[in-house]
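The sequence and structure are shown first.

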Amino acid sequence: MSALVSDTALIFGRYSRQTLRSPFQILFGVLMPLLYLLFFGPLLTGVPLSSEGSSWQVLVPGLLLQLGLFGASFAGFAVIIEKNHGVVERMRVTPVSRLALLLGRVLRDAVLFVFQGVLLVLAALVMGLRVPLVGALIGFVFVGLLTLSLAALSYALALKVRTPQEFGPVINALAMPSMLLSGLMLPMTLAPGWLDVLSHLMPFRYLVDAMRDAYVGRYATAAMLYGALVALGLTAAAVTVGTRVFRRAGA
């Protein structure tokens, strides 16, 4: 266990230093949700999107999960580049734990996207969002768990494909329907009945419902329980799959 922690810290530090050397990467990642916040959010002001809370308390949790969804899903591009430059091959001959090679990467991603989420929430507070501190912290936990799970799956997929041209279309084909069917932008309770039922097949629906409850100060709800169970289960399954792929690929 001590070796795993040490190896994970080593990999985490390596990729964190890379990120810190590129402030553009840190700020650009939050650009799309910020544009939605600035140009789409004011359109919803005063619109009764939910029986509890303001339109900002509905929109901002969805934007936070959108940040994690798209950012973490495309994280695998870095592994494809490393493969093409022989970095993965060099790591293969080291004694570093294969699980640490994955955990170090996804933990860096989780820290990065939670930090970007903090920036997004600060901007939303300026625009009129009101959220209890506990609710905001719960939201960041969900963003971190979502990032861990999707980044692990993204890295696993990146090890299976050969070029970015193969990787990108697969991610787009999965990410866009996930965003639309999960109700990230607007609550699915506003949708037709058949679409609302279909959205319950998407795991992200439970996360966004839980975060919206947290943002209005409702913590002991069924939505919160389901969201926590789905987030933890998805993270455990994704890390398990990612670790197996890393081991089999000799990464």
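## A loop position

In this predicted model, Gly 53 is located in the loop that runs between α4 (41–44) and α5 (55–73). Its relative accessibility is 43%, so Gly 53 counts as partly exposed. Gly 53 and Leu 201 are 148 residues apart along the chain, and their C-alpha atoms are separated by 26 Å.

## Helix α1

Ala 9 belongs to helix α1, which spans residues 2–20. With a relative accessible area of 48%, Ala 9 is partly exposed. The C-alpha atom of Ala 9 is separated by 9.8 Å from that of Leu 101, a residue 92 positions away along the chain.

A charge also sits over a ring: Arg 14 lies over the face of Tyr 15, at 4.9 Å from the ring centre.

## Aromatic pairs

The count of aromatic pairs comes to 3. One of them joins Phe 74 and Phe 77 in a stacked arrangement, with 5.9 Å centre to centre and 5° between the planes. Both residues count as partly exposed, Phe 74 at 22% relative accessibility and Phe 77 at 27%.

Phe 77 also pairs with Phe 167: the ring centres are 4.8 Å apart and the planes stand at 70°, so this pair is edge-to-face. Because Phe 77 lies in helix α6 (residues 77–84) and Phe 167 in helix α10 (residues 164–181), the pair ties together parts that are 90 residues apart in sequence. Phe 167 counts as buried, at 0% relative accessibility. Through ring pairs, Phe 74, Phe 77 and Phe 167 are linked into a cluster.

Conventions
Residues numbered from 1 in each chain as written. Predicted model: local features only at pLDDT ≥ 70, side-chain atom pairs only at ≥ 80, totals over all residues. Heavy atoms only, no water. Helix = DSSP H or I, 4+ residues; strand = E, 2+ residues; numbered from the N terminus. Buried < 20%, exposed > 50% of the residue type's maximum accessible area, 1.4 Å probe, protein only. Phe/Tyr/Trp six-rings, centres within 6.5 Å; stacked < 30°, edge-to-face > 60°. Lys NZ or Arg CZ within 6 Å of the ring centre and 35° of its normal.
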